[in-house]
Amino acid sequence: MRKKIFAALMVSVMAVSLLAACGKKTAQETQPKEPVVEEPAAEPAEAPTESSTEEVIEEARPTSLDDALGLAVLEYNQEFFDQGEVAGEGHILLDKDGNDSKGEQICYTITCYGRYEFEDGNFVCCAGNGPIPCVIRLMINEEGEYNTVSYEPAPDGNNFVDWIKDNFPEKYWSRCITVEDDDRNELERQQRSYAEEYLSTIGREDVEVGDYSDFEHEIFTDAGVSVDVSNAMLDVQSGDNFEKNCPYWVGEREVIEEDVRYTYKTEYDKKKGQIIFSKTEYDTDNVVEKSVYDAKTGDRVE
C-alpha cells in the first residue's frame, strides 16, 4: 500500500510516470499523489493544518519506487525554498540500474519542484525549479522500504552537458540536454496535482492554479508611478518591516503566520496619490499594520 507523504506546513513557501524501459506505468496511467501538505510538527493530525513551523517530512519511508522518488525530490529541495504553503514535485524515471527487491538502485530521472501561495485569488507557483535531470540513488532495506542514498541534480552552467554525458546512459543524453515539451507538460501536471489536491482539503478547489507568468501582475510603473518612486518602494520592501511581505506588484498575497492566515496588500490610490501597504487578518479584515507613501515623492505620510 502506498504511504501518504506529508510535510510540516510553513509560510515564508506529483505522481511519477514510469517509462516502458522500467516496465512500470506510463504517465497516462499514473494517478496524482496526495499533496505535500504541511502540518504542525508538534500536533500530528489526519488532516492537514496550517502552521508556520519549519518544514520536515516525517512519514514512514515509502515501499514503492514511485513514492520513494517523489519523496527524494521533496526532501532535497525543501531546504532551498521557504515561500508558499504547499510543495509539489514531478519526476520522470527514464531508466534505472539495480535489483527491484533489495540493495541499491540508481535512478536516472528528470524532476521539477515548486511551492504555491495565493496571489490575487489564484494559487501560484511562487518558487521552485525544473525540469532538472537528476541521478537519485535509493537503498531498499529488509522491510522493503526505500531510503535515499544520494541525490545529484545536473549543475547549471558550462558543465551541464558534460555532466549529463558522464552520469546518464547515452540514449538519454538528448532528452536530458533539451527537455521535450511532452516531458515538461507531464512534470507540470504532476507538480500541480499536489496544489490541486491541497486546495480541495481546505475547501478552495475552485481557485485557478498556475505559474506566476500565467497571471497579470500590474507593477507601479504600469499604474503610472514614476520609476524613481517605484524604486523607492522597492527599497522600503527590502527592509525588515511588514512591507517586505507585501507584493511587489499592485495586488495581494496570503501568508500563514503562527496558524493565522493574513493578507498582505499593495495598493495604489491614484485619486489620492498614495501607495498603501497593509497587513490584515484574512478572516476578519482587521488591519494589523499599515503604511502610506506619497506616490509623487515616495515619502511616508502615514
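Predicted model: local features only at pLDDT ≥ 70, side-chain atom pairs only at ≥ 80, totals over all residues.
One spot to look at is Glu89, which stands opposite Tyr113 in β4. The two strands make a hairpin with five residues between them, and Gly98 in that turn has a positive phi of about 125 degrees.

On to the next pairing: 16 bridges join β4 to strand β5 (residues 122-140), again an antiparallel arrangement. Here Gly114 has Gly128 of β5 as its bridge partner. The β4-β5 hairpin has two residues between its strands, and Asp120 takes a positive phi near 55 degrees there. How enclosed is β4? Of the 17 residues in this strand (residues 103-119), 15 are buried, so the rest of the structure largely encloses it.

## The nonpolar core

The largest nonpolar core has 19 residues, and the members touching the most others are Leu65, Leu69, Ile136 and Leu138. Helix α1 gives the largest share, with six residues.

Leu65 is a handy place to start browsing. Leaving aside residues up to four places away in sequence, Leu65 touches Leu93, Lys96, Gln105, Cys107, Leu138 and Tyr146.

Which residues of helix α6 (residues 227-237) are buried? They are Val229, Ser230, Met233, Val236 and Gln237. These cover an arc of only 110 degrees around the axis, which puts them on the same side of α6. Turn to the face pointing away from that buried side and you'll find the exposed residues Val227, Asp228 and Asp235.

As for what the buried residues of α6 pack against, the list is α5 (220-223), β9 (260-269), β10 (274-281) and β11 (287-294).

## Rings and charges

There are ten aromatic pairs in the structure. Take Tyr212 and Trp249: their pair is edge-to-face, at 5.8 Å centre to centre with 75 degrees between the planes. Tyr212 sits in the loop between β7 (209-211) and α5, while Trp249 sits in the loop between α6 and β8 (251-257), so the pair ties together parts that are 37 residues apart in sequence. Tyr212 counts as partly exposed at 38% relative accessibility, whereas Trp249, at 7%, counts as buried.

Elsewhere, ring pairs link up Tyr116, Phe118, Phe123 and Tyr198 as a cluster.

Most residues other than glycine have a negative phi, and most peptide bonds are trans. With that in mind, a few places deserve a look. Gly130 and Pro131 are joined by a cis peptide bond, with omega about 0 degrees, and Pro131 is part of strand β5.

Then there's the loop between β8 and β9, where Glu258 is placed. Glu258 isn't a glycine, yet its phi is positive, at about 50 degrees. Asp259 is in the loop between β8 and β9 too, and this non-glycine residue has a positive phi of about 70 degrees. Are these residues buried or exposed? Glu258 is exposed, with a relative accessible area of 66%, while Asp259 counts as partly exposed at 49%.

Conventions
Residues numbered from 1 in each chain as written. Heavy atoms only, no water. Buried < 20%, exposed > 50% of the residue type's maximum accessible area, 1.4 Å probe, protein only. Helix = DSSP H or I, 4+ residues; strand = E, 2+ residues; numbered from the N terminus. Arc of directions from axis to C-beta. Contact = heavy atoms within 4.5 Å. Pairing = 2+ DSSP bridges. Core = buried A, V, L, I, M, F, W, Y, C linked by side-chain atoms within 4.5 Å. Phe/Tyr/Trp six-rings, centres within 6.5 Å; stacked < 30°, edge-to-face > 60°.
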